[in-house]
Each structure stands twice: as C-alpha cells, then as structure tokens.
Amino acid sequence: MAIVPRKHLTGRQKAAILLVSLGPDLAAQVLKHLSDEEIEDLTLEIATLEKVPPEVRDEVVNEFYHMAIAQHYIAQGGIEYARQLLEKALGPHRAQEIISRLSATLEVTPFESLRRADPLQLLNFIQGEHPQTIALILSYLKPEQAATILANLPESVRGEVAMRIALMDRTSPEVVREIEAVLERKISTFLVQDFTRVGGKKKLIEILNKSDRGTEKSILEALEERDPTLAEEIKSEMFVFEDIVLLDDRAVQLVLRQVDTKDLALALKGASQEVQEKIFRNMSQRAAQMLKEDMEYMGPVRARLVNEAQQKIVNIIRRLEEAGEIVIARGGEDEIIV
C-alpha cells in the first residue's frame with residue numbers, strides 16, 4: 001500500500017506499521033493475543049505494506065505508546081485521573097485528543113476507580129446521597145461490593161435503593177459523568193490513602209491458588225500449626241488436591257477426560273487411599289487396572305514430580321469451575337439442587 005500521512009492512516013494500517021516496527025519476535029507475542037480473523041487481516045495488511053518513512057513510523061509508535069499509557073491511567077483511576085496526568089505530560093490539546101480517541105474505542109466503565117474500594121468504607125461516602133444516586137452507583141460496582149453496601153444501608157433506605165436499581169433503565173451519560181466526578185473528588189485523597197486493602201484471607205487464597213503444589217501444602221500445614229481455625233477457613237474457600245473427594249462423580253469423570261494419564265498416575269502416587277478410590281470408581285474397570293499398573297511400574301518417584309502432577313490436575317479443576325462446568329461443594333455453601 002502507498003503510505004499516506006499518519007493522520008489519514010486507518011487503524012489497521014497503524015497496527016501493521018506497529019507490528020513491523022516491533023520486529024518479528026515481539027510481533028509474534030502480540031499476535032498470540034489476537035483472534036484468527038484479526039491475525040488474517042493484519043497479515044494481509046503487512047504483506048501489502050510498502051516502505052514506511054521513519055517519521056510516519058515514529059509517529060505511529062509514539063501514538064501507540066501514549067494510548068497505552070492513557071489506558072493504564074484510566075484503569076488506575078478513571079478518565080479524569082488520566083486526563084490530569086496526560087495534560088501535565090502532553091498539554092491540554094494532546095491529552096484531550098488521546099482521551100477522546102480512547103473514549104470512542106474503549107468501553108470505559110463509569111466509577112471504575114471505585115471498583116477497587118473497600119465497600120464498607122465506600123458506604124460512608126454514599127449513604128447520605130439520594131436513593132437514586134446510590135442506586136446508580138451500586139449498578140456500576142462489582143456485585144459483591146454492591147451487595148455489601150446494600151446490606152449495610154439503613155433499613156429505611158435499603159428497600160428504596162433496591163427498588164430503584166430494579167427499575168433503572170437508562171441514565172444520561174452526562175449525569176453519570178457528573179456524579180462520578182463529584183464522588184471521585186469527594187473521596188480521592190482518602191481513597192488513595194485508605195481504601196486499598198493489601199492483605200486478608202481473600203488475597204492469601206488468590207496467592208495460594210497461583211502457587212505450586214509444594215508451596216501450597218507447606219503454607220497450609222504451617223497455618224494449621226499456628227492457627228487451626230484460620231487454616232480451616234482458608235481451606236474451605238479454596239480447592240486443594242485432596243478435595244477431589246468432594247466432587248460428584250460426573251465432575252470427576254469430566255476432569256479425568258482432560259487429565260494426562262501419566263500425570264494422573266504420578267498424582268495418585270502421593271494421594272490418600274480415599275482419593276485413589278474416588279478416582280478408580282469413576283473409571284472403567286480396565287482403565288483403573290491399567291492406571292494401577294502404571295503406578296506400580298513407576299516405582300519410587302520424587303515428591304516434586306508428584307506435587308507438580310497434582311497441581312496440574314487442581315488447575316484443570318479450578319478452570320472447569322470458573323467456566324461453570326463443575327461445582328465444588330465447599331463448606332458452608334448451600335446444598336446443590338439437581
């Protein structure tokens with residue numbers, strides 16, 4: 001294609017120039033995150049790309065950099081926060097140009113900065129507002145945040161807010177932006193200083209869920225020694241390999257269809273008799289016998305390999321649960337009705 005001035009380039013042309021500028025290794029990493037259709041479009045665009053003047057290339061890369069920075073600022077503190085930082089760095093005109101372009105291409109959720117806030121502290125700032133305003137704010141928060149705030153509102157207000165949420169249809173973007181700006185100004189200083197929780201059980205569970213099997217086991221064992229109650233609370237909210245016995249037979253069978261036989265044999269080498277029996281019961285008699293033979297044939301194996309195999313299976317189970325394909329019955333949850 002014949003290169004035109006940057007301001008007349010299409011988004012696809014800019015993307016092609018950017019990928020060429022990144023070089024093959026980085027471009028390949030970017031393409032991994034795109035759909036097949038997007039990859040085909042960009043590949044065709046790159047194939048027809050002629051020589052790009054250095055000044056055009058530099059402008060495209062520079063534009064991408066500023067757009068990425070702006071998007072980061074928006075995710076960090078909302079559009080107004082991004083606008084303020086960009087104005088300091090680039091001046092009002094350039095900042096407005098970038099914000100306008102992002103607003104047109106990105107779906108920016110109102111009250112985004114408040115979605116990181118502790119709901120009980122956020123409650124202090126909104127409970128004096130009009131029920132319609134509270135309803136609007138709760139509609140944009142995470143469901144768990146909104147549920148906590150709603151549960152802690154005075155009874156005289158709670159029902160009214162709930163009704164207004166249910167009946168809410170469309171709200172003018174200007175009204176939403178005005179309420180968002182007022183509320184963010186009201187709590188911005190306090191939000192930065194106090195609203196972010198850096199620990200807690202939920203955070204530990206997130207960390208454990210991302211840890212390898214050996215780390216997970218050692219931490220839970222240490223917790224059991226120091227605070228058995230806390231350890232039980234943590235374990236009840238996460239899934240560990242031994243919890244396979246809590247899965248129903250259909251879920252176990254679904255998991256087994258996605259597990260490599262070698263990993264399963266390794267994982268069961270270090271498993272309790274109860275876990276082994278649970279697995280064997282959900283396999284055909286022939287498959288169970290072959291698995292037992294594989295386990296015997298392995299002989300002694302390193303604990304590290306067993307832990308890694310168990311972690312692979314746990315990751316599959318967690319992924320299936322997140323996709324809604326299986327249900328893990330955890331302590332304290334309601335009974336599952338089939």
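At what angle do helix α16 and helix α18 pack, and how far apart are their axes? The legends below take up this pair and then the cavity of the predicted model.

**View 1. Packing geometry of helices α16 and α18 in the predicted model.** Helix α16 spans residues 261-269 and helix α18 spans residues 285-298; the two pack at an angle of about 65°, and their axes are 9 Å apart. Because angles of 65 to 115 degrees count as roughly perpendicular, α16 is described as roughly perpendicular to α18. The crossing of these two helices is right-handed.

**View 2. Residues in the contact of α16 with α18.** On the α16 side, the contact is made by T261, K262, L264, A265, L266, L268 and K269. Their counterparts in α18 are L291, D294, M295 and M298. By class, the residues of this contact comprise seven nonpolar, one polar and three charged.

**View 3. The largest cavity and its lining.** The structure holds one cavity of 30 Å³ or more, and the volume of the largest cavity is about 40 Å³. Its lining consists of I244, L247, V252, V255, L256, V259, L264, I279, I313 and I317. The lining has 10 nonpolar residues, with no polar and no charged residues.

View 4. The largest share, three residues, comes from α15. L264 belongs to the lining of the largest cavity, and L264 of α16 is also among the residues that meet α18.

Definitions and conventions
Residues numbered from 1 in each chain as written. Predicted model: local features only at pLDDT ≥ 70, side-chain atom pairs only at ≥ 80, totals over all residues. Heavy atoms only, no water. Axes fitted to C-alpha atoms, helices over the stretch in contact; angles between N-to-C directions. Helix = DSSP H or I, 4+ residues; strand = E, 2+ residues; numbered from the N terminus. Parallel < 35°, antiparallel > 145°, perpendicular 65-115°, else oblique. Left-handed = near helix turned anticlockwise from the far one by under 90°. Contact = heavy atoms within 4.5 Å. Nonpolar A, V, L, I, M, F, W, Y, C, P; charged D, E, K, R; others polar. 1 Å grid on protein atoms, 1.4 Å probe; cavity = no way out; pocket = protein on both sides within 12 Å on 5 of 7 lines; lining within 4 Å. Points joined across faces, edges and corners; volume = space filled by probe spheres on them.
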